[in-house]
Amino acid sequence: MKKYLTAVVAVAAVATLAAPATATAETTATRTAVTATTAAPEAKTTPVKATFAPTPIRTVRPGERVDAGRGWTVWLTKQGKYWSGPDGFENFRSVVDGNIDRSAPGVSHQSEGDQNGVFHSGLYYGTRNAGRVELTDADGRKTAATLVALPGRSDWGVWYVHTGPSKGSPAVALYDRSGKLLADLPAWDF
């Protein structure tokens, strides 16, 4: 059997070498395809896991005003988060009045806007390992927020972001530096 297999390979080799130089395109294409098929190694793919990109946290001094864009300003004190809009009216969200449980990760959400867009902000708390706050609108679009904290990486900070006008409140999620979900607020219609 071995003799016959060797003879077949030898005949095929001689036939290939003896083929006229003016072989048709079809024959050349077939030979090339066969060569490519037999010579190419089998492709193996490995699924690639999407990497999580944590948001840098900007450290600010107590009372330092942060320009949040479009006429909005935020600032932090040891008592909590302050913010003001284009109208100059100031708002406050306490971190010391007992309304939030800083012993467990959590996130809050406040928003103000009109037909031109919405300013979203809130607290993230209960972790020294905050990595990202992300809003997801009704169409599934995700928007990462800017994170701000006081020196010393306390267990709370502030997040803010601008989005287009929306019908309802987006879902808000807090992730740690590795991408693990720590806390979330579901979306809801007003």
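Reply: Helices (H or I, at least four residues) and strands (E, at least two) are DSSP runs, numbered from the N terminus. In this chain they come to 2 helices and 14 strands. The model is predicted: local features need pLDDT of at least 70, side-chain atom pairs count only at pLDDT 80 or more, and totals for chains, interfaces and linings use all residues. Residues are numbered from 1 along each chain as its sequence is written, and side-chain values use heavy atoms, with hydrogens and water left out.

Me: What percentage of the residues in the chain is buried?

Reply: Buried means under 20% relative accessible area, exposed over 50%, and partly exposed in between (1.4 Å probe, protein chains only). Of the 190 residues in the chain, 35% are buried.

Me: Which residues have the most contacts inside the largest nonpolar core?

Reply: A nonpolar core is a set of buried Ala, Val, Leu, Ile, Met, Phe, Trp, Tyr and Cys residues joined through side-chain atoms within 4.5 Å. The largest has 17 residues, and Val74, Leu76, Phe119, Leu123, Trp156 and Tyr160 have the most contacts inside it. At least two residues of this core come from each of β2 (66-69), β3 (72-77), β8 (117-125) and β12 (156-163).

Me: Is Ser169 buried or exposed?

Reply: Ser169 counts as buried because its relative accessible area is 8%. This residue belongs to the loop between β12 and β13 (171-176). Its side chain makes a polar contact of 3.4 Å with that of His109. Such a contact is a pair of N or O atoms within 3.5 Å; within protein, one must be able to donate a hydrogen and the other to accept it, and residues adjacent in sequence count only if both atoms are side-chain atoms.
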